[in-house]
Amino acid sequence: MNLPRSCRHSKVTPRGHKMRRIIAEDLDWSLATVSSLSNLCLQCIVNNFEEKPIYEELTSSEKDFIQNRVSLSLPLHFAANVFPDGVYWKRRCEQKWKVCDVSNYGESWKRMFFERQLENIIELFVPGITEPKTVLDMVTLCKDHIKKLNIAQLLPPVKEPQTEDEEQATELTLENEDDKSGMDHFDFRILLDKLTNLEELHLVYKVKSCGMNFEWSMFEMTNRDCESLAKALKSCKTLKLFRLHLSHLEDKKCRLLVKYLLDHPSLRTLDFSHNVIGDSGARAIGKLLTKSKLEILNLYDNNIGGPGAKAIAHALSKNTTLVSLNLCLNRLNDEGGQAICKALLNNKTLLHLQLGANGVTWLTALSLSSVLAQNNTLKSINLSCNTLGEVGGNALEEAMSHNTSVTECNIHLTDIEERKVSVINQMVWNNQFRKQETSPREKNTENAN
Amino acid sequence: MEEADKVHEEAPEPPVLSDNQEDKKGASSFKGKEDPTEEGNEELKTKMQEEKKDVNKRIMSLQKRLTTLVTNIQTAADAKEMERRSGMEDNCRIRDERLKNDAKACQEKVEEIRKGWSIVNQKVVHSELQSVLDSQQQLCAAVIEDKKKLIRDLQQERRVKEDQYLKNLRRLDEEIKLMLDRMQQQFQNLSKAYSEELTQLQGVYQQEIEVLLAKDKAKLDKHMKEHWDTELESLMERRRMVEESEKTVHDVMLENTTKIKLMQLEENAKSQARLREQQQMKGKSVVLNLKQLEHGNKNAAYNAKLEEMKGKILGTSKEVKNLKTKYAKQKDKFMKQRQYLSEVHKRSRQHYERMQKEVRYTTAADARKFEEMWVMMEEEVTQLAEKALAIDSLICKHLGLAWERPSAAFMESPGPRRSQEHDTNPNSHLLQTRHPSHCSQRMMDASVGPSLERDSEHSTGVEEGELSSETLMKVMELLCDETGFLVEDKLRKLLVPMEKNEQTIVKLHSLFAVLGLKEKDLPKLLHEFLLMYERQQGERTEGAEAMENSATADSTSRLIKPNYVLPTLRRFLEQHRKRSSSHQQSSLSHPARDTSVEEAYWDRLGNIITEEKLKLWDAAERELKQYEEVLMDISVLVPETELLRQQNTELRMQLQQILSMLNSLWLSAEGREKKSRTRKSRPSTTTSSITQCSL
């Protein structure tokens with residue numbers, strides 16, 4: 001049975017030294033080290049998995065074996081249908097990306113793999129060069145697993161190097177061609193209506209690490225982009241969160257987007273931070289507030305002035321769903337700030353209000369303090385980086401002494417005396433403490449949400 | 001730059017903040033003590049609230065600490081952005097103003113020029129025209145100069161702005177780096193602090209939950225008890241009432257019957273009186289009814305009380321339910337997490353087991369392979385040895401020496417490995433192999449030698465001793481008596497009715513159980529004792545073997561001094577433990593290979609051809625080589641001699657031919673001479689001889 005054993009006969013046979021040569025050929029050869037038959041069978045399945053996938057009928061430990069060994073280069077369309085969420089997808093993820101935090105993806109490795117894969121494909125999509133089919137193929141595989149898309153860049157199409165004649169020609173027809181200049185990005189219409197479980201969409205129209213090829217047009221969306229995106233959003237009925245930031249979104253495009261979002265059935269969170277939305281865009285958003293069931297609205301770092309804020313305030317006074325409003329880093333001034341504060345006199349749902357860095361003065365502080373004395377729903381206020389001054393500080397202190405609901409109040413860099421700031425903070429702290437004591441259950445449910 | 005300074009100022013903030021936090025904590029705990037005293041109704045409640053408040057404060061401070069820093073940074077960034085925006089606006093405004101001014105100035109100048117042109121049109125004289133044209137030209141030049149200056153200024157400004165922008169970018173980069181560093185640091189600090197906090201909080205929560213549960217339970221029990229007590233009381237009262245009323249009813253009835261009887265007696269005579277009596281009865285029954293009604297009212301009151309109690313119970317139970325749901329939610333959450341983690345754990349454990357199995361398998365396989373290789377090597381070496389011996393014998397035979405096979409028995413006996421294999425029972429072989437090694441050890445250890453010698457001597461002596469079971473029994477008894485403190489009292493009581501022999505045996509059993517020994521260790525133990533005894537003996541009387549027998553006889557009566565029993569027993573136990581542990585080790589590890597035997601075996605194999613033989617071989621080889629050289633010389637010379645010999649024979653044959661020819665010639669010449677004496681015949685003979693020679 002064993003070669004070394006058979007070698008013992010060399011004493012009998014005169015050609016013993018010849019038999020020994022067989023051993024010398026492979027010193028490590030030994031039948032004893034061959035693994036068990038079941039393992040060999042499983043290994044065989046693993047080796048021929050692509051031709052003959054045997055998986056469902058195995059026991060769980062055998063499935064584990066297969067998932068641990070199967071080649072990671074199996075074609076996706078094949079693997080997606082065979083393997084459920086588990087070690088195989090974990091391996092694929094870890095092979096592809098260094099950092100994998102599965103808790104961000106609902107503890108599902110498969111979801112993580114597909115979401116990041118699709119994001120990758122879209123981020124590297126070059127219109128006119130990449131076939132839309134690559135995206136569509138991927139979508140058919142993963143449409144059930146994708147809940148969130150976080151797209152961090154969108155590439156513009158490659159520009160043809162223009163000859164001088166053409167340049168002149170384009171200069172002449174620049175006005176007409178501006179809209180059809182072919183600088184459109186990826187068209188979301190082909191994607192969003194197919195993802196039936198999509199809940200969150202984060203978009204940025206920008207190019208990462210563009211280096212010396214920098215052009216402003218890389219960091220904004222075209223009109224046609226805007227239109228297609230708006231239509232795509234309308235077709236995606238499950239979307240709950242939409243975030244479009246750092247994309248140079250102007251009034252016109254904002255109005256267009258809002259027009260299509262007006263009767264969206266499920267949208268709850270809208271985030272247009274770091275854009276250039278002005279007053280007319282704000283007016284459109286105000287209209288959206290009256291029509292939809294938005295709960296969180298974020299307009300951080302835009303260009304909204306007094307009139308726009310008035311429109312939003314008008315909507316706010318009638319709205320009963322909005323919970324959080326962020327208007328930091330705009331140009332509300334006292335006109336807008338006072339309008340918002342007046343609107344709060346009629347609003348009983350808003351919990352978080354942020355008016356930081358808006359150039360408002362003690363006038364707004366006065367009207368806000370009159371709100372605080374009455375309104376007992378507001379929970380957090382942010383008035384940082386405004387020049388409230390002594391008068392505003394006094395008014396706020398007075399109002400806070402009557403208020404019991406505010407548990408967060410940010411009044412850094414507002415020219416209020418240190419002593420008053422600490423007094424106000426102490427009162428806020430007391431409120432928070434009291435709140436904790438009276439309704440710990442409420443807090444829990446909030447956390448759970 | 002101001003902002004950058006601010007950032008720098010913020011940098012040392014965390015420690016300050018944490019200090020504040022601690023201060024706050026201290027303050028809060030102090031306050032937490034104060035508040036409940038104000039409310040102070042029940043001690044338990046205050047304590048609970050205190051704990052709760054403490055935990056809440058801690059949680060809140062944690063959250064605050066988490067967010068404050070971030071908001072600070074954000075507000076700083078916002079302020080910076082604000083500043084930048086306002087600066088940009090200012091710049092734009094200034095530029096606009098300047099452009100406007102310039103445009104105005106330009107307009108004026110253009111107007112002037114236009115006016116100048118109208119003058120030009122009026123002028124006819126050449127020189128005048130010339131001068132006006134010159135002035136016009138100067139004006140135009142001035143306008144162009146102005147424009148150029150403006151352009152230069154603007155360009156200058158742009159360059160400055162560019163530089164500023166670059167600087168700004170660099171500064172931002174530095175700030176970001178700084179921020180990253182700080183974030184890293186704070187992240188570490190915070191995560192450490194939070195983990196500590198978390199464990200603390202968990203502990204506190206656990207306690208709180210326990211306390212709450214206990215409290216609620218106690219409360220419930222108390223309420224229930226109170227309720228049942230009141231219920232019982234009311235029941236008792238009712239029963240008493242009922243009894244009372246029954247009694248009154250009974251009394252009334254008695255009264256009535258007597259009255260009826262009286263009335264029957266005065267039936268006819270006093271019918272009117274009877275009627276009156278009847279009215280009286282009715283009145284009394286009304287009173288009774290009233291009383292019963294009163295009872296009913298009281299019952300209703302009790303019921304109401306009961307309801308109230310029930311409501312209270314319901315409230316508490318609801319509270320308990322709320323707490324339970326909270327608990328269940330928490331539990332669910334943790335269960336989910338645990339499930340996930342346990343799954344991962346299970347998978348890794350399976351993996352680990354598989355690996356272990358494989359490792360075990362491969363080690364076994366390697367060991368087997370090693371064995372086989374070893375055996376094969378042995379065989380090969382023996383074969384080689386045999387071959388060497390055969391060659392040796394051949395050499396000896398050649399040299400004419402007497403050759404004898406060295407220790408044929410050894411050659412035939414297989415190597416230690418193979419013999420081990422041949423053995424059906426490997427254990428016995430192990431013992432065998434161990435035995436010689438033990439012997440050798442004994443030989444080597446000269447210092448320990450004497451004692452061991454004595455040991456062996458003693459073992460023989462013990463065999464004799466074993467025969468005398470009496471002695472043994474006595475030793476055992478002594479052992480039992482001396483170590484009686486190890487035997488339990490209960491056992492001793494049980495043993496009282498038994499016979500002495502049985503007693504000792506049972507005691508010994510229990511003793512062994514206590515000491516962790518086994519039955520088979522008993523003889524060893526006894527040997528130890530006898531050894532000690534002998535040593536005693538040696539101390540007392542040295543030599544005098546003849547006396548020894550009698551001494552042993554004596555010793556059976558006195559035996560060993562009881563004082564020595566315990567030390568001996570301890571010594572024995574130590575040895576025993578050592579032995580057993582070493583045994584365990586050997587059984588655990590791989591069967592230890594006995595290298596000394598194998599070494600000896602290999603040495604013997606290696607030295608099968610001794611040094612002398614080798615020398616002999618060398619000498620023989622040298623001789624043989626010389627002999628071979630001589631033979632070679634001879635073999636070179638042989639063909640030469642052969643050739644010479646051949647030539648010799650040829651020459652001899654020629655000579656003979658020539659001689660015979662000469663003879664015949666002589667004969668014919670004599671005949672011819674007889675016929676005709678001519679000189680012609682000579683050359684022909686010479687030619688013929690030559691042809692023959694060439695042939």
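Does B:K613 count as buried, exposed or partly exposed? At 21% relative accessibility, B:K613 counts as partly exposed. Buried means under 20% relative accessible area, exposed over 50%, and partly exposed in between, with a 1.4 Å probe and protein chains only.

Some ground rules. This is a predicted model, in which local features need pLDDT of at least 70 and side-chain atom pairs count only at pLDDT 80 or more, while totals for chains, interfaces and linings use all residues. Residues are numbered from 1 along each chain as its sequence is written, chains are lettered from A and ligands numbered from 1 in the order in which they are written, and side-chain values use heavy atoms, with hydrogens and water left out.

**Stop 1: B:K613 and its partner**

A salt bridge here is a side-chain nitrogen of Lys or Arg within 4 Å of a carboxyl oxygen of Asp or Glu. B:K613 lies in helix α17 (residues 611–675) of chain B and B:D392 in helix α5 of chain B, so the pair ties together parts that are 221 residues apart in sequence. Helices (H or I, at least four residues) and strands (E, at least two) are DSSP runs, numbered from the N terminus. B:D392 counts as buried, at 1% relative accessibility.

**Stop 2: across the chains**

Select B:E89 and A:R331. Their salt bridge brings the closest N and O atoms to 2.1 Å. B:E89 sits in helix α3 (residues 43–122) of chain B and A:R331 in the loop between β6 (324–326) and α16 (333–344) of chain A, so this pair joins two chains. B:E89 is partly exposed at 40% relative accessibility. A:R331 is partly exposed too, with a relative accessible area of 27%.

Now pick A:D301, B:E81, B:R84 and B:R85. Salt bridges link these residues in a network. Over all chains, the structure holds 32 salt bridges.

**Stop 3: a pair within one helix**

Go to helix α7 of chain A and show A:R111 and A:E115. They form a salt bridge, the closest N and O atoms being 2.6 Å apart. Both lie in α7, four residues apart, or about one turn of the helix. An α-helix has 3.6 residues a turn, so residues three or four places apart point the same way. A:R111 is buried at 14% relative accessibility. A:E115 is buried as well, with a relative accessible area of 0%.

**Stop 4: under cover in chain A**

Select helix α6 (residues 87–96) of chain A. Its residues A:V87, A:Y88, A:W89, A:R92 and A:C93 are buried. What covers them? The cover includes α4 (60–69), α5 (76–82) and α7 (109–123) of chain A, together with α5 (271–399) of chain B.

Step to α4 of chain A. Its buried residues are A:D64, A:F65, A:I66 and A:Q67. They pack against α3 (37–47) and α6 of chain A, together with α5 of chain B.

**Stop 5: two packed helices**

Show helix α17 (residues 362–374) and helix α18 (residues 389–400) of chain A. They pack at an angle of about 5°, with their axes 8 Å apart. That makes α17(A) roughly parallel to α18(A), a label for angles under 35 degrees. On α17(A), the contact (heavy atoms within 4.5 Å) is made by residues including A:W362, A:L366 and A:L372. On α18(A), the residues include A:V391, A:A395 and A:M400.

**Stop 6: a nonpolar patch**

Select B:Y165, B:L166, B:L169, B:L172, B:I176, B:L180 and B:M183. Together they make a nonpolar surface patch of about 680 Å². Patch residues have over 30% relative accessible area and no salt bridge, with nonpolar side chains (Val, Leu, Ile, Met, Phe, Trp, Tyr) joined within 5 Å and like charges within 9 Å. B:M183 is found in helix α4 (residues 126–265) of chain B. At 49% relative accessibility, B:M183 counts as partly exposed.

**Last stop: whole chains**

Color by chain. Chain A has 20 helices and nine strands. Of its 449 residues, 48% count as buried. Chain B has 18 helices and zero strands. Buried residues make up 20% of the 695 residues in chain B.

Notes
Accessible areas come from the Shrake-Rupley method with a 1.4 Å probe; for residues, only the protein chains shown count as cover. Axes are lines fitted to C-alpha atoms, for helices over the stretch in contact, and angles run from 0 to 180 degrees between N-to-C directions. Angles under 35 degrees count as roughly parallel, over 145 as roughly antiparallel, 65 to 115 as roughly perpendicular and the rest as oblique.
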